Amino acid sequence: MTTFDDRERAFENRYARDQEMQFKITARRNKLLGHWAAGLMGLTQVEADAYASDVVRADFEEAGDEDVIRKLLGDLTSAGVECDEARIRTALEHKTVEARRQLIEAQG
């Protein structure tokens, strides 16, 4: 019975680590996405940092990426930046890859 318990515990630990890593990737991605959008809006570095933090917080409104996409689209449109949902989704995919790469490099 101990072998089964050990395997179960190992699986649970791995699942927890995977979930934590996914959370970190998403948070990093949202920060990168916020800086990307801030650059399009012409914000200063201080404003960009604050905006990136706002984008990270926006992701806690609902599950999935729709809350972040909605925030970015609304903010970019309000700032007079020509942008559509498809462009934001493309940036989101690219920033996900970049965030994953940054976190893997940081661990190594």
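These legends describe close-up views of one predicted protein model.

Residues are numbered from 1 along each chain as its sequence is written. Because the model is predicted, local features need pLDDT of at least 70, side-chain atom pairs count only at pLDDT 80 or more, and totals for chains, interfaces and linings use all residues, while side-chain values use heavy atoms, with hydrogens and water left out.

**View 1**
Helices (H or I, at least four residues) and strands (E, at least two) are DSSP runs, numbered from the N terminus. Read from that end, the order is α-α-α-α. Along the principal axes, the C-alpha atoms fill a box of roughly 65 × 30 × 20 Å. The radius of gyration of the chain is 17 Å, whereas a compact globule of 108 residues would have one near 13 Å. That radius is taken over C-alpha atoms, and the globule rule is 2.2 Å times the number of residues to the power 0.38.

**View 2. The surface of the chain has an accessible area of about 7,300 Å².**
Carbon and sulfur atoms hold 52% of that surface. Accessible areas come from the Shrake-Rupley method with a 1.4 Å probe; for residues, only the protein chains shown count as cover. Of the 108 residues, 30% count as buried. Buried means under 20% relative accessible area, exposed means over 50%, and partly exposed lies in between (1.4 Å probe, protein chains only). Take the contacts with a separation of 6 or more: residues 24 or more positions apart account for 56% of them. Contact means heavy atoms within 4.5 Å.

**View 3. Helix H2 packs against helix H3.**
Two packed helices are described by the angle between their axes and the distance between the axes. H2 covers residues 45-58 and H3 covers residues 66-78. Their angle is about 140°, and their axes are 8 Å apart. Axes are lines fitted to C-alpha atoms, for helices over the stretch in contact, and angles run from 0 to 180 degrees between N-to-C directions. From H2, the residues in contact are Tyr51, Asp54, Val55 and Ala58. They meet Asp67, Val68, Lys71, Leu72 and Asp75 in H3. By class, this contact has five nonpolar, no polar and four charged residues. Here Ala, Val, Leu, Ile, Met, Phe, Trp, Tyr, Cys and Pro count as nonpolar, Asp, Glu, Lys and Arg as charged, and the others, Gly among them, as polar.

**View 4. The largest nonpolar core has 16 residues.**
A nonpolar core is a set of buried Ala, Val, Leu, Ile, Met, Phe, Trp, Tyr and Cys residues joined through side-chain atoms within 4.5 Å. Those with the most contacts inside this core are Leu33, Ala37, Met41, Tyr51, Leu72, Leu76 and Ile88. Helix H1 (2-41), H2, H3 and helix H4 (85-107) each give two or more residues to the core. Leaving out residues up to four places away in sequence, Leu33 touches Val68, Leu72, Ala91, Leu92 and Lys95. In soluble globular proteins, nonpolar side chains tend to be buried together.

**View 5. Lys95 sits in helix H4.**
Lys95 counts as buried because its relative accessible area is 17%. Which residues does Lys95 touch, not counting residues up to four places away in sequence? They are Arg29, Leu32, Leu33 and Trp36.

**View 6. Arg28 and Gln22 both lie in helix H1.**
Arg28 has a relative accessible area of 29%, so Arg28 is partly exposed. Beyond four places in sequence, Arg28 touches Ala99, Gln102 and Leu103. The C-alpha atoms of Arg28 and Glu98 are separated by 8.9 Å, though these residues are 70 apart along the chain. Gln22 is partly exposed because its relative accessibility is 38%. Between the C-alpha atoms of Gln22 and Arg100, 78 residues apart along the chain, the separation is 8.7 Å.

**View 7. Glu66 has its place in helix H3.**
Its relative accessibility is 36%, so Glu66 counts as partly exposed. Neighbours within four places in sequence aside, Glu66 is in contact with Glu85 and Arg89. The C-alpha atoms of Glu66 and Arg89 are separated by 9.8 Å.

**View 8. Asp49 has its place in helix H2.**
Asp49 is partly exposed because its relative accessible area is 35%. The C-alpha atoms of Asp49 and Lys31, 18 residues apart along the chain, are separated by 8.4 Å.
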